[in-house]
Amino acid sequence: MASKQAVHMKHGQGETSYARNSSFQKAEQNRMKPLIEEVITDLCSSTSTLLHGKIVIADLGCSSGPNALALVSTAINAIHNHCLQLQQPPPEIFVLLNDLPDTDFNTVVKSLVTLRQSKNPVVVTGVAPGSFYERLFTSNSLHVVCASNSLQWLSKAPEDLTRNRIPAFDIDEHARREMLPMVREAYEKQFRKDFKLFLELRAKELVSGGRMVISLGVIDKAKFDSFYVPLHGPSIEEVREIIKEEGSFFIKEMRVHDPTAEMNIALSSPSKFVNNLIALFEPIIVQHFGEVMDEFVRAAELHWSLDVDGSLREERVRTSRAMLVVSLAK
């Protein structure tokens, strides 16, 4: 994304890396599989959409680790099964993975080798580093676009807050309540701007009849006065309204589910709680505050240890937003 903040997950394979702390995201991808399989069935049944026996699939915001290939692998398996069932030759497949340039693409590229080893169907792979709030691909070149747990990341923190130095979070509860409407409006305004741009860009890159399957996830609000996390969890009505207003796509299906089970797993022990926070937020915290992760970990562990009655876990689950998966057609 165009943000100057270090908006990427923690690299590597260590205990606190995103690769080892992304079970919540994996569960969300699993819920997207039926919609992706339906999309593939529709496209493979349409001779007008698939030209010259090939299909191009892009995953935007793929991140790294074991989840990077989950969505495209679902699409490839669906193509194989569909063609096998109808006893017809499969199309050649071009898979493109996208995320910000600071993503751990070394891990991603190594994973892509497993896809290229497929002989039937033929799979060609590529990586497209960059912000999905900019043009990434040539016009009318994509057939399927997937994006899981990435569109809640904004292109940048809301300008109305950063420019005027309005804190997104205040220790004083009264001040926090007074500012809440202003902060919420600023994030909603930035999300509307970014999501409309995303739809406009993908409409140019998708072929006529092309499809998108996207999901939006749970967010955490900024914790300190000058710390603006470029995240926004929109309402269902907000997403529906922006899609309709932008006008390039129509909604084929929307599915909403409760992430309570995954949240309970993520908060089941102090180490899981802390490791999930580090995996998601260490790059952006270090960029803003410097080398403070030791203090951050101690504060998080102390926060957990004080939660003797389980109120922290109850509050996290109670304030979680629903997970939304949307299937769109151009």
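Are phenylalanine 191 and phenylalanine 195 buried or exposed? Phenylalanine 191 is buried, as is phenylalanine 195, where buried stands for under 20% relative accessible area, exposed for over 50%, and partly exposed for values in between (1.4 Å probe, protein chains only). The model is predicted: local features require pLDDT of at least 70, side-chain atom pairs count only at pLDDT 80 or more, and totals for chains, interfaces and linings use all residues. Residues are numbered from 1 along each chain as its sequence is written, and side-chain values use heavy atoms, with hydrogens and water left out.

Both phenylalanine 191 and phenylalanine 195 belong to helix 5 (residues 173-205), four residues apart, about one turn of the helix; helices (H or I, at least four residues) and strands (E, at least two) are DSSP runs, numbered from the N terminus. Four aromatic pairs are counted, a pair being two rings of Phe, Tyr or Trp (its six-membered ring) with centres within 6.5 Å, stacked if the planes are under 30 degrees apart, edge-to-face if over 60 and tilted otherwise. The pair of phenylalanine 191 and phenylalanine 195 is stacked, because the ring centres are 5.4 Å apart and the planes lie at 25°. Phenylalanine 195 also pairs with phenylalanine 198; here the centres are 6.5 Å apart and the planes at 20°, so this pair is stacked too. These two residues lie three residues apart in helix 5, and phenylalanine 198 is buried, as is phenylalanine 195. One aromatic cluster is formed by Phe132, Tyr133, Phe191, Phe195 and Phe198. Arginine 202 sits over the face of phenylalanine 198, 5.0 Å from the ring centre (criterion: NZ of Lys or CZ of Arg within 6 Å of the ring centre and within 35 degrees of the ring normal).

The largest nonpolar core has 36 residues, among which Leu60, Phe195, Phe198 and Leu199 touch the most other members. Such a core is a set of buried Ala, Val, Leu, Ile, Met, Phe, Trp, Tyr and Cys residues joined through side-chain atoms within 4.5 Å. Elements that each supply at least two residues of this core include strand 1 (54-60), strand 4 (142-147) and helix 6 (236-246). Helix 5 gives the largest share, nine residues.

Twelve salt bridges are present, each defined by a side-chain nitrogen of Lys or Arg within 4 Å of a carboxyl oxygen of Asp or Glu. In one of them, the closest N and O atoms of arginine 135 and glutamate 205 are 3.3 Å apart. This pair links distant parts of the chain, 70 residues apart: arginine 135 is in the loop between strand 3 and strand 4, and glutamate 205 is in helix 5. Arginine 135 is partly exposed at 38% relative accessibility, whereas glutamate 205 is buried at 0%. Glutamate 241 and arginine 192 form another salt bridge, at 3.2 Å from N to O. Because glutamate 241 lies in helix 6 and arginine 192 in helix 5, the pair ties together parts 49 residues apart in sequence. Glutamate 241 is partly exposed at 42% relative accessibility, and arginine 192 is partly exposed at 24%.

Phenylalanine 94 is located in strand 2 (residues 92-98) and is partly exposed at 33% relative accessibility. Threonine 125, in strand 3 (residues 123-127), is buried at 15% relative accessibility.
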